[in-house]
Amino acid sequence: MTTVAARAVGTEADRVEGLEKVTGRARYAFEHPIEDMVYAAPVPSVVARGEVIAVDVAEALTFPGVIDVLWHGNAPKLERVGNAELHVLQSPRVAYRGQYIAVVIAKTLEEAREAALRVGVEYAVERHDVGLRADHPRLYRPERVNPDLPADVQQGDPDTALAAAPVTVDAVYRTPAEHNNPMEPHATVARWDAEGLTLYDSTQGATSLRDAVAPLFGIEPSSVRVIAPHVGGGFGAKGEPHPPVVLAALAARRTGRPVKLAVTRQQMFSVTGYRTPTIQRVRLGAHPDGHLTAIVHDAVEQSSTIHEFAEQTTTPTRIMYAAPNRRTTHRLVRLDVPTPSWMRAPGEAPGMFALESAMDELAAACGLDPIELRIRNEPEVDPETGLPFSSRNLVACLRDGARRFGWADRDPAPGVRRRGRLLIGTGVAASTYPVYRSACQATARAEPGGIFTVRIAAADIGTGARTVLTQIAADVLRVPLGRVRVAIGDSALPRASLAGGSSGTASWGTAVTRACEALRDELDRRGGTPSTGVTVSVDTTEENGEPSRFARHAFGAQFAEVGVDRDTGEARVRRLLGVFAVGRVLNPKTARSQFIGGMTMGLSMALLEESVLDREFGDYLNHDLAQYHVAACADVPAVEAYWVEESDPHLNPMGSKGIGEIGIVGTAAAVANAVHHATGIRVRDLPIRLDKLLT
Amino acid sequence: MEFLRPASWAEALELKAEYPDAVPIQGGTDVMVEINFDLRRPARLLDLNPVAELSRWSTTGGVLRVGAGMTYTSLIRELSADLPGLAQASRTVGSPQIRNRGSVGGNLGAASPAGDSHPPLLAADAEIEVESRARGSRLIPATAFYQGVKRSALAPDELIRAFHVAPATGPQYFSKIGTRNAMVIAVCSFAIALHPRRRAVGTGIGSAAPTPRRAGAAEEYIAAELDWDSRAALDPRVVARFGELVAQAASPIDDVRGTADYRRHALGVLARRTLTWAWHEHMRERTTT
Amino acid sequence: MSIRVNFTVNGSAESVDGVWEGESLLYVLRERMGLPGSKNACEQGECGSCTVYLDGIPVCACLVAAGQVEGRSVRTVEGLADGDRLDPVQEAFLECGAVQCGFCTPGLIVACHDLLARNPAPGDAEIREALAGNLCRCTGYEKILDAVRLAAARRAPRP
């Protein structure tokens with residue numbers, strides 16, 4: 001294992017692309033100037049289930065500026081791939097309201113949009129079913145859950161243990177559909193030429209998007225280039241490929257012109273993924289002293305009829321607490337709804353809301369402090385696999401957080417603290433997120449002038465990846481930051497995994513480290529940089545393939561204080577404090593921002609975010625930012641994030657765990673637990689709307 | 001589409017007479033959203049920005065005449081003392097960027113039941129001045145202006161020129177409930193105005209009926225119950241009854257932002273709160289004068 | 001079927017032809033003038049990503065009809081720096097790490113620039129209120145507040 005002498009790593013280096021961003025010069029997907037460009041406006045389905053019988057494009061084609069209208073009858077044929085969501089305009093079937101039925105291509109956007117309103121679509125409407133219920137007759141067990149985990153896991157005999165347990169909690173928790181809503185809506189500019197397809201796209205992974213799109217068009221991945229130097233946020237929504245990029249490529253193919261397609265904020269609610277709603281039943285059995293004897297966590301979720309996305313809702317429960325008898329399950333129902341996908345900490349975020357709310361209920365049932373309850377159930381080894389943890393500092397996070405937050409003098413009685421018309425309460429919850437890492441390639445090049453360039457098709461969706469990779473490279477090369485350039489965001493660069501699963505820095509950083517080590521060796525061997533420069537390439541497939549003998553997870557503790565207006569039920573978070581154990585923190589400035597950003601999204605999840613499905617029409621009603629509320633500046637009080645020292649040699653050359661998602665895990669439970677402490681009301685279905693807090 | 005740019009009010013009326021389908025645009029905070037979202041593509045936009053008089057106010061015979069295009073920001077800056085209820089409501093509209101463009105006239109034109117300026121206009125007995133080339137100008141009491149969800153008494157050839165309202169002679173308060181601390185469409189809202197000289201109370205309810213409306217029975221009840229001459233504190237039973245009557249005046253629905261039951265409950269809370277604030281201020285003023 | 005709009009952008013007199021009458025100022029800036037600094041993220045004035053100065057007053061460019069800027073003056077994020085010399089607000093955003101994905105950044109910088117011009121030493125509550133119309137999904141706003149405090153501490157922005 002290489003030890004990197006820290007110089008740049010661990011410092012608060014400024015974001016390397018910050019200057020471009022504060023001056024407005026950074027170019028996002030829709031903003032690349034290309035000659036002869038035309039605009040696409042999609043026509044969405046207005047029914048949730050059925051078949052398109054006829055598409056009348058005659059009127060639209062007479063509109064000035066209109067170049068073409070594509071629908072399933074005339075669209076270029078695509079090859080079949082695994083994800084049927086990407087078979088855009090290939091079939092008359094309608095699987096959900098908002099699905100693309102046709103697209104108008106015109107010289108200007110307003111011409112395309114106006115003509116799109118005039119495309120006549122006739123449907124054979126079928127009765128739709130968009131209602132998720134725990135007793136749905138079509139519930140089934142998926143083969144695997146995201147990313148590739150078993151759907152059900154059982155150890156011991158949880159049913160018998162529950163029946164025998166002196167103290168039990170048995171409760172159902174619900175989380176709503178939520179939409180990622182990165183600030184930049186999805187956008188694509190697609191161009192075909194002699195060399196193939198070029199996509200300027202807002203994506204979390206240039207390589208993976210390239211590899212997904214190429215087979216649809218029956219071409220080699222080398223004939224597709226994805227360019228994405230700057231991405232205006234993703235939070236998972238730009239991870240898996242979605243229909244818009246395919247639609248843009250189809251339109252460009254058909255017209256022979258470069259096509260711009262910007263998904264509107266409203267359309268994002270149908271075609272770019274979302275967090276599935278969940279119905280979760282948690283059963284805990286314990287001794288009166290709080291020691292768990294059984295944990296059962298069952299989740300019910302939805303997916304669309306055309307693609308299975310099975311979220312790993314109960315998987316964090318597999319590793320959190322010691323209990324000899326345990327079961328975690330996932331059941332899915334395929335409804336006439338848009339296809340769910342990744343949203344920041346898919347699985348962990350909703351799953352830990354349920355588990356950590358239930359733990360709070362158990363603490364009350366046992367008359368124990370909720371922190372003490374968690375400490376008593378701290379496992380020696382991973383309860384699921386029996387493997388030792390590479391590092392596990394949940395208890396340290398809880399204790400450090402309790403000290404910083406001022407937990408010691410807390411009166412556990414609910415509903416007794418008043419300040420004016422506010423009821424005040426505090427709550428705690430644990431966080432966790434697994435350590436993932438994927439194989440990548442990278443090159444490192446030395447120029448005679450002492451400048452080094454590292455190339456890897458990584459993505460910076462706002463995380464600070466470009467900056468941290470520069471820090472990593474500089475340290476391995478033992479040069480100042482200013483002499484290293486890191487090129488990312490382009491599939492023409494060495495292939496890389498996508499920004500997802502909080503694995504970016506671990507995956508890309510390993511490849512960057514290995515490339516820079518190899519370059520250093522090469523320069524040593526040559527006795528300096530040759531006049532033509534020198535480039536080395538690495539591939540971490542082999543290193544990444546070695547199975548770990550450890551269970552590897554990040555942990556954290558979240559504390560919340562809330563005030564609830566006892567007359568109106570208005571709940572506001574007064575402060576949030578998180579302490580995390582994430583291995584080595586490579587850049588405290590970007591890391592703190594990731595934690596605080598995640599916690600803020602967790603606050604938003606707790607109090608605001610909810611995509612409301614219209615049962616009658618089958619679409620999400622509140623599909624814009626005036627109605628889908630995310631936390632605004634005025635809603636976010638003091639949010640503090642800290643981390644404990646954690647040295648873990650079993651991760652990667654940097655010693656780091658992922659930090660992009662853990663900040664949102666547990667926040668909603670901490671807030672809900674604080675609301676209970678404030679009011680005595682246990683809200684088990686998010687968000688904690690004001691009308692739920694009136695007795 | 002045609003973009004009409006009248007240079008004066010007279011010209012604006014001419015254009016509106018000639019093209020009754022022309023959609024007036026002032027701050028654009030409603031009209032542009034509808035166009036951006038493809039909800040409508042009007043045949044003509046009538047830009048009122050160049051009509052400078054619309055963004056000014058004046059006083060005639062002790063009554064304020066406030067131009068329909070005066071932005072919320074200007075109103076807060078210039079009229080907070082005279083129109084405290086409306087100024088409070090204006091502060092809760094959207095964000096600084098929206099308040100820099102949005103206007104009471106635009107709120108009236110859109111006639112959304114959730115518009116923040118409606119309750120204080122109702123509570124303060126405002127009148128809306130509208131005008132057409134054919135029939136000249138007329139004053140419509142705010143109570144008669146709102147006719148349905150996003151429907152008003154404005155005729156197709158008319159434009160909103162101003163609203164008329166007497167400067168406050170007593171305390172005025174506005175309060176609204178939302179899920180966020182800013183950028184909030186009201187779940188429900190309420191405005192109260194005390195008129196000590198005529199011993200009357202005005203109210204306005206927002207977001208809890210198809211149109212903004214007054215709570216007439218609540219007004220009559222509380223005007224009779226208040227002991228205007230003394231400095232007596234409010235009887236909690238009277239405050240509670242006022243809250244009940246206000247809640248009864250609403251006919252709310254369930255929607256994404258809240259349930260009907262919640263709205264009724266919350267309106268009662270807002271009514272009790274704003275009445276208490278207003279009465280305390282009234283007592284303070286009586287004490288100091 | 002289209003109009004010409006004459007206005008000043010970042011100090012330079014411009015004339016744009018072929019503008020659709022229902023088009024927003026934001027669209028004109030981004031798609032017709034090569035000034036994509038102001039971002040398009042909600043098209044309804046909820047997110048503030050398109051905030052620009054119109055005659056010195058910050059507004060959402062997505063809600064201003066292009067025809068309404070005739071004869072007026074617009075200043076965008078691209079017009080805040082003085083050549084290579086950044087405005088103090090831009091500097092502070094860089095240093096404090098107030099930038100993540102960068103999509104809300106241009107609008108926020110204009111809104112902060114305006115705040116400090118009106119109020120050189122704002123309190124936290126005033127900052128939160130002034131920035132209430134600028135949504136950020138990455139940062140949790142903490143470092144944006146840091147940036148405003150830092151810029152205020154250094155000096156009021158250039159007019």
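Domain bounds here come from an automatic or database domain assignment. The structure shown in all views is a predicted model.

**View 1. The two domains of chain C.** Chain C is divided into domain 1, covering residues 3-79, and domain 2, covering residues 88-154. A distance of 22 Å separates the C-alpha centres of domain 1 of chain C and domain 2 of chain C. Their contact draws 13 residues from domain 1 of chain C and eleven residues from domain 2 of chain C. On the side of domain 1 of chain C that touches domain 2 of chain C, strand 3 (residues 51-54) of chain C gives the most, with three residues. By class, this side of domain 1 of chain C has seven nonpolar, five polar and one charged residues.

View 2. Five helices and five strands are present in chain C, and along the sequence they follow the pattern β-β-α-β-β-β-α-α-α-α. The C-alpha trace of chain C spans about 50 × 30 × 25 Å along its principal axes. The radius of gyration of chain C is 15 Å, which agrees with the value near 15 Å for a compact globule with 159 residues. Of the 159 residues in chain C, 65% are buried. Among contacts in chain C with a separation of 6 or more, 62% join residues 24 or more positions apart.

**View 3. The contact between chain B and chain A.** Here 17 residues of chain B are in contact with 21 residues of chain A. Helix 11 (residues 260-288) of chain B gives the most to the side of chain B that touches chain A, namely four residues. That side of chain B comprises nine nonpolar, five polar and three charged residues.

Technical notes:
Residues are numbered from 1 along each chain as its sequence is written. Chains are lettered from A and ligands numbered from 1 in the order in which they are written. This is a predicted model: local features need pLDDT of at least 70, side-chain atom pairs count only at pLDDT 80 or more; totals for chains, interfaces and linings use all residues. Two residues are in contact if their C-beta atoms, placed from the backbone, lie within 7 Å. Helices (H or I, at least four residues) and strands (E, at least two) are DSSP runs, numbered from the N terminus. Ala, Val, Leu, Ile, Met, Phe, Trp, Tyr, Cys and Pro count as nonpolar, Asp, Glu, Lys and Arg as charged, and the others, Gly among them, as polar. The radius of gyration is taken over C-alpha atoms; the globule rule is 2.2 Å times the number of residues to the power 0.38. A residue is buried if 20 or more other C-beta atoms lie within 10 Å of its own, exposed if 12 or fewer, and partly exposed in between; C-beta atoms are placed from the backbone.
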